[in-house]
Amino acid sequence: MGSVLGLAPIAGWIAYKPEFALPPVLLGLGVMFWVAGFDILYSLQDLQFDQQEKLFSVPACFGLEAGFGFARLSHFISFLFFLLAGYAFSSGYIYFLGLLLVGIVLSIEHKIISPKDLSKINLAFFTLNGFIAIFLLLIVLFDLYVGV
């Protein structure tokens with residue numbers, strides 16, 4: 001799912017300006033790893049079902065703890081790609097300050113759930129990632145049109 005959604009910034013760029021460029025690729029990779037991270041977290045709820053049905057989700061293959069580790073690593077990599085995309089786009093300080101808030105929200109997402117307590121998975125998955133999606137859009141738009 002992450003790889004498909006990660007194509008959106010690249011496809012949007014090509015639709016607007018039909019040429020290859022590094023910035024939308026970096027942004028697309030950021031989206032890919034961000035989605036992969038939260039998708040792994042959400043799949044933790046299905047661990048027993050996935051194992052029972054011999055499905056190959058990350059938690060089913062590697063376990064609950066490793067699933068958390070993969071999700072954390074994916075979110076860290078996504079943050080790095082968003083950071084690199086900001087530099088590649090020559091973004092202003094508002095983008096980078098906004099990105100700092102995105103990093104904080106991603107950290108909170110990993111603090112409110114644990115392998116022993118998945119009770120707040122909906123808050124982490126739906127609410128916090130919904131905030132990140134809208135906030136990323138807003139800081140990118142703000143940077144494009146106001147440019148500070």
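Modeller: The accessible surface of the protein chain comes to about 8500 Å². Carbon and sulfur atoms hold 71% of that surface. Keep in mind that this is a predicted model.

Biologist: What share of the 148 residues in the protein chain is buried?

Modeller: Buried residues make up 39% of the 148.

Biologist: How do you know whether the radius of gyration agrees with a compact globule?

Modeller: Set the two values side by side. A compact globule of 148 residues would have a radius of gyration near 15 Å. The protein chain has 16 Å, so the value agrees. The C-alpha atoms fill a box of roughly 50 × 30 × 20 Å along the principal axes.

Biologist: Which elements build the protein chain, from the N terminus on?

Modeller: The order is α-α-α-α-α-α-α. That is 7 helices and 0 strands.

Biologist: How many contacts join residues at least 24 apart, among those between residues at least 6 apart in sequence?

Modeller: The share is 67%.

Biologist: What about the charges: how many side chains are positive and how many negative?

Modeller: There are 6 positive and 9 negative side chains. The centres of the two sets lie 8 Å apart.

Biologist: Now single residues. Why is His-110 called buried?

Modeller: His-110 has a relative accessible area of 14%. Buried means under 20%. The value falls under that cut-off, so His-110 is buried. His-110 sits in helix 6, which spans residues 93-111.

Biologist: What makes the link between His-110 and His-75 a polar contact?

Modeller: Their side chains are joined at 2.6 Å. A polar contact needs a pair of N or O atoms within 3.5 Å. Leaving aside neighbours within four places in sequence, His-110 is in contact with Leu-41, Ala-71, Arg-72 and His-75.

Biologist: Asn-129 lies in helix 7. Why is Asn-129 called buried?

Modeller: Its relative accessible area is 4%. The cut-off for buried is under 20%, so Asn-129 is buried.

Biologist: Which residues is Asn-129 in contact with, leaving aside its neighbours within four places in sequence?

Modeller: They are Trp-34, Phe-38, Glu-109 and Ala-124. Take Trp-34: 95 residues separate it from Asn-129 along the chain, yet their C-alpha atoms are separated by 9.0 Å. As for Glu-109, a polar contact of 3.1 Å joins its side chain to that of Asn-129.

Biologist: Where is Ile-139, and what makes it buried?

Modeller: Ile-139 is in helix 7, residues 121-145. Its relative accessible area is 5%, under the 20% cut-off, so Ile-139 is buried. Ile-139 is in contact with Tyr-95, Gly-98 and Leu-99, leaving aside neighbours within four places in sequence. From Ala-71, Ile-139 is 68 residues away in sequence and 24 Å away in space, C-alpha to C-alpha.

Biologist: And Ser-43: how do you know whether it is buried or exposed?

Modeller: Ser-43 has a relative accessible area of 14%. That is under 20%, so Ser-43 is buried. Ser-43 is found in helix 2, residues 22-43. Not counting residues up to four places away in sequence, Ser-43 touches Asp-50 and Pro-59.

Biologist: Why is Cys-61 called partly exposed?

Modeller: Cys-61 has a relative accessible area of 42%. Buried is under 20% and exposed is over 50%. The 42% of Cys-61 falls in between, so Cys-61 is partly exposed. Cys-61 is found in helix 4. Cys-61 and Ala-8 are 53 residues apart in sequence and 29 Å apart in space, C-alpha to C-alpha.

Biologist: What makes Lys-54 exposed?

Modeller: Its relative accessible area is 64%, and exposed means over 50%, so Lys-54 is exposed. Lys-54 is found in the loop between helix 3 (47-52) and helix 4 (58-62). Phi of Lys-54 is near 55 degrees, a positive value in a residue other than glycine.

Biologist: Last one: why is Ser-90 called exposed?

Modeller: Ser-90 has a relative accessible area of 63%. That is over 50%, so Ser-90 is exposed. Its loop runs between helix 5 (64-88) and helix 6.

Definitions and conventions: Residues numbered from 1 in each chain as written. Predicted model: local features only at pLDDT ≥ 70, side-chain atom pairs only at ≥ 80, totals over all residues. Heavy atoms only, no water. Helix = DSSP H or I, 4+ residues; strand = E, 2+ residues; numbered from the N terminus. Buried < 20%, exposed > 50% of the residue type's maximum accessible area, 1.4 Å probe, protein only. Polar contact = N/O pair within 3.5 Å; in protein donor to acceptor, adjacent residues only side chain to side chain. Contact = heavy atoms within 4.5 Å. Rg over C-alpha atoms; globule rule 2.2 N^0.38 Å. Areas by Shrake-Rupley, 256 points an atom, 1.4 Å probe, with all protein chains shown as cover. Lys, Arg positive; Asp, Glu negative; His and termini not counted. Charge placed at Lys NZ, Arg CZ, Asp CG, Glu CD.
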